[in-house]
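Hello,

Here is the structure I promised to pass on. Please load it first, then read the notes below.

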Amino acid sequence: MQSVEKIIYLDHAATTPLCLEALEAMSPFYCECFGNADSPHKLGRKAMVAVDSARDKIAAVIGANPKEIYFTSGGTEADNWALVGGALAQKGKRVIISAIEHHAVLAAADKLRSMGVQVDVLPVNQGGRVELNVLKEWLDEDVGLVCVMTANNETGVLQPVCEIAALCKEKGCLFFTDAVQAMPYLDVNVKEWGVDMLSFSAHKFYGPKGIGALYIKSGVKIEKFVCGGEQERGMRGGTVNVPSVVGFATALEKTAKERKDREKHLQTIRAAFLEELAGVEGVYINGDEGLPAVLNLRFDGVDNDSLLYAMDLQGVAMAAGSACASASVKPSHVLTAMGLDETQAKNSVRISFGKDNSEEDVRYAARLLRAEVEKQRAL
Ligand code: PLP
């Protein structure tokens with residue numbers, strides 16, 4: 001019999017495994033109840049009932065009206081849509097994005113620039129938080145859309161989204177926040193937060209990959225992005241991915257129910273991990289405290305590529321930053337925006353914990369990391 005190698009998975013900001021509850025809820029919608037949710041017959045209607053129920057559950061978790069939830073193929077599409085669709089509806093008025101946004105936003109911003117829209121980049125401080133005073137100076141009637149993520153995917157640093165939403169409301173421009181990383185950990189309430197648009201993605205909280213949603217506040221006008229049929233109330237073409245929508249809602253409800261317990265556990269294992277690294281010279285946490293699941297560490301004099309490779313060989317999965325940028329040799333734009341130089345950015349790794357990591361496993365991983373750092377420094 002082949003032995004299964006044990007992997008200590010510390011890359012939950014990249015993705016999470018599907019929870020069994022979601023898998024079970026999804027399974028009837030592949031072969032039995034496989035209808036197209038927009039078909040007029042019984043099978044179609046059955047599928048639509050499941051989609052509507054999922055939409056209701058998701059809306060309830062984030063304090064939205066179900067009509068304000070639009071399903072997408074994931075966080076990337078939701079981000080692209082909010083940015084491009086939002087800017088176009090604002091008739092090409094100036095757009096402001098933060099310097100630490102995910103590539104799904106950065107690339108959409110480049111698209112907007114190629115269409116002649118002015119996109120300005122809001123700086124962050126050393127702790128990784130956007131400079132609110134700069135935003136206050138920049139906000140005027142020429143700005144149509146502001147985009148600042150809720151929590152950063154590389155550092156976990158939280159952004160002052162409620163304050164930004166209030167500023168944008170005062171100035172009459174749209175505010176979009178990418179809550180893809182924040183959703184698993186924060187008690188999101190779109191009405192209390194005052195945001196106009198918010199994106200999230202199921203695979204970050206033990207739901208299926210390739211499904212996400214964009215919340216669009218009722219009354220907010222944005223242009224269509226994925227063109228096709230009249231699905232999603234005419235706002236997003238494409239056959240609705242019924243099984244994934246069902247898994248999405250199941251995973252989100254479970255996440256919301258278990259959030260407090262998961263947070264406690266994450267805090268415990270994070271502290272245990274750091275305890276095992278105590279006393280190692282030249283180790284720094286990049287960024288202010290934020291999400292308990294994400295830890296961005298810099299080890300002076302240690303290249304992150306070789307460190308990650310060595311850890312992987314020993315069965316520990318960690319990352320250098322965003323998974324979508326892992327093929328890139330460029331240093332992280334998030335860390336350089338925070339003032340780290342290129343070498344410091346290349347000395348940094350992201351560890352992201354999950355609900356199923358045991359304290360014993362993270363302590364073991366931290367001891368391996370400590371030994372590997374010492375070994376590489378001695379070379
Ligand atoms: N936004 C943030 C902050 C992310 O971390 C990610 C994924 O890593 C995305 C957007 C893209 O989401 P998806 O993988 O669902 O396309």
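This is a predicted model: local features need pLDDT of at least 70, side-chain atom pairs count only at pLDDT 80 or more; totals for chains, interfaces and linings use all residues.

A polar contact here is a pair of N or O atoms within 3.5 Å.

**Ligand contacts**

Start with Lys204. An N or O atom in the side chain of Lys204 sits 2.6 Å from an oxygen atom of the ligand. That pair is a polar contact, because the cut-off is 3.5 Å. Gln181 also uses its side chain: an N or O atom there is 2.8 Å from a ligand oxygen. Gly75 works through its backbone instead. A polar backbone atom of Gly75 lies 2.8 Å from an oxygen atom of the ligand. As for cover, the ligand on its own has 390 Å² of accessible area, and the protein covers 88% of that.

**The shell**

The ligand has 13 residues around it. Which of them come nearest? They are Gly75, Thr76, Asp178, Ser201 and Lys204. By type, the shell divides into eight polar, three charged and two nonpolar residues. Which helix gives the largest share? Helix α4, residues 75–89, does, with three residues of the shell.

**Helix packing**

Helix α4 also packs against helix α5, which spans residues 103–114. The angle is about 30 degrees and the axes are 9 Å apart. That makes α4 roughly parallel to α5, because angles under 35 degrees count as such. The crossing of α4 past α5 is right-handed.

Next, helix α3 (residues 42–62) and helix α10 (residues 242–277). Their axes are 9 Å apart, and they pack at an angle of about 30 degrees. α3 and α10 are therefore roughly parallel to each other. Is their crossing left-handed or right-handed? For α3 and α10 it is left-handed.

Last pair: helix α11 (residues 304–313) and helix α14 (residues 359–378). Their axes come within 10 Å and cross at roughly 135 degrees. So α11 is oblique to α14. α11 passes α14 in a right-handed crossing.

Over to you.

Best wishes

Methods: Residues are numbered from 1 along each chain as its sequence is written. Side-chain values use heavy atoms; hydrogens and water are left out. A residue is near a molecule or strand if one of its heavy atoms lies within 4 Å of it. A polar contact is a pair of N or O atoms within 3.5 Å; within protein, one must be able to donate a hydrogen and the other to accept it, and residues adjacent in sequence count only if both atoms are side-chain atoms. Accessible areas come from the Shrake-Rupley method with a 1.4 Å probe; for residues, only the protein chains shown count as cover. Helices (H or I, at least four residues) and strands (E, at least two) are DSSP runs, numbered from the N terminus. Ala, Val, Leu, Ile, Met, Phe, Trp, Tyr, Cys and Pro count as nonpolar, Asp, Glu, Lys and Arg as charged, and the others, Gly among them, as polar. Axes are lines fitted to C-alpha atoms, for helices over the stretch in contact, and angles run from 0 to 180 degrees between N-to-C directions. Angles under 35 degrees count as roughly parallel, over 145 as roughly antiparallel, 65 to 115 as roughly perpendicular and the rest as oblique. A crossing is left-handed if the near helix is turned anticlockwise from the far one by less than a right angle, and right-handed if clockwise.
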